[in-house]
Amino acid sequence: MDIALQAAQLDRWLAEAALPLWREKGFDTAGGGFVETIDMAGEPTRANRRSRVQPRQVYCFAEAGRRGWQGDWRSVAEGGLAYFDRVYRQSSGFYGALAKADGEIIDPSFDLYNQAFALLAFAYLADVLPERKAEMIERSNDLRQKLEAHCKHPVAGFEEDNPPRLPLGSNPQMHLFEACLASEAVDGFDRVAWANLADEIAHLAMDCFIDAKTGVLREFFDRDWTPFPGEKGRIVEPGHQFEWAWLLLRWAERRGNAEAIVKARRLFEIGEAHGVCPKRDVAIMTLFDDLSVADPVARLWPQTEWLKAAIRFAALSEGSERQRYLVSASRAAAALQRFFETPVRGLWRDKQKADGSFVDEPAPASSFYHIICAIYEVEDCLKRL
């Protein structure tokens, strides 16, 4: 199928079904905050709420508003942030990890990943709510400085916590990198500080996360950013191959860095050649560093990352190379659309088993961040073409 046609279908599904459904059922008007999941009948569940879901959903509705979605995005974007602050914010200034549906915190522990999404939400809110920009600038700087004081790694990037714990993960650094790229692009933010941190994480990824010989990106590391011993240090996730490729492309374009484009292209090639199941044509969860399959389950989010990377490569290529990436983007869009075949339009499946059947479970709100980002990225890159 033609990617432009698929993009139009995805746009319609998002604007007509997903955004209205998650606005109406995905926000808890009585208690505040975004729900963790919506069941396949289209009703919110009472599942415990991970803190990361709140800023991720804030990002979704802020970005939908910025893109001209006509629904009421503002009250849930602001309400989601207020709930995030009220329920998860600790006296340290960091955000805890998990609360019950009634807003009682049950895990106040620090996770770098959750702080990264707080930073992402601040950047997007600053962009769409001019009257709150000064506040977002202040909060963003404050959280970045707190992180640097709390858990800056002596070499580069960040520790998992203070006192340090192992293994170190590339994934929280990736989301910090994403937050840096968003923050440096917002007028009034401390561009130099955010750009310097983005550069540091980009080089950490190119020097340590990505294997110099094979080009695979590992997930888990020892104290000095060498691969973690044993099986854990061999884990490679196709979804993150694509996601890092997309982020490094964005960074490379801003900085004029040719090395990052070469590394990103290799990440993409590995993800596409070894991380996509030939039978189901979906990106799977996990490989080992010898590129053998570790987990054949396909989750929704790696499809969105495959799509984002493929379409951005297409926008940066020409001729037959562009055509190749457009074909890949179309395959990724088709894979993603299969996850959207649900009893209630606007929901999604999260996991496809090796036999091609989907796990029957509620739709997780956390996927929306990946979905929205992918659909708008396709829109942007097709305009560039």
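Biologist: How far is the sulfur of cysteine 208 from the closest cysteine sulfur?
Modeller: In this predicted model, the gap is 17 Å, and that closest sulfur sits in cysteine 180. A disulfide needs the two sulfurs within 2.5 Å, so 17 Å is too far for a bond.

Biologist: OK, and what's the closest cysteine sulfur to cysteine 180?
Modeller: That one belongs to cysteine 151, 13 Å away, which is also too far for a bond.

Biologist: Switching to helices. At what angle do α7 and α8 pack?
Modeller: About 125°, with the axes 11 Å apart. Helix α7 covers residues 191-209 and helix α8 covers residues 238-255. That angle is why α7 counts as oblique to α8.

Biologist: Which residues make the contact?
Modeller: From α8 you get Trp244, Leu248, Trp251 and Arg255. The α7 side includes Ala195, Ala198, Ile201, Met206 and Phe209, and Asp199 and His203 are in there too.

Biologist: How many of the contact residues are nonpolar, polar or charged?
Modeller: Between α7 and α8, 10 are nonpolar, one is polar and two are charged.

Biologist: Last one: is the crossing left-handed or right-handed?
Modeller: Left-handed, as α7 passes α8.

Conventions: Residues are numbered from 1 along each chain as its sequence is written. This is a predicted model: local features need pLDDT of at least 70, side-chain atom pairs count only at pLDDT 80 or more; totals for chains, interfaces and linings use all residues. Side-chain values use heavy atoms; hydrogens and water are left out. Axes are lines fitted to C-alpha atoms, for helices over the stretch in contact, and angles run from 0 to 180 degrees between N-to-C directions. Helices (H or I, at least four residues) and strands (E, at least two) are DSSP runs, numbered from the N terminus. Angles under 35 degrees count as roughly parallel, over 145 as roughly antiparallel, 65 to 115 as roughly perpendicular and the rest as oblique. A crossing is left-handed if the near helix is turned anticlockwise from the far one by less than a right angle, and right-handed if clockwise. Contact means heavy atoms within 4.5 Å. Ala, Val, Leu, Ile, Met, Phe, Trp, Tyr, Cys and Pro count as nonpolar, Asp, Glu, Lys and Arg as charged, and the others, Gly among them, as polar.
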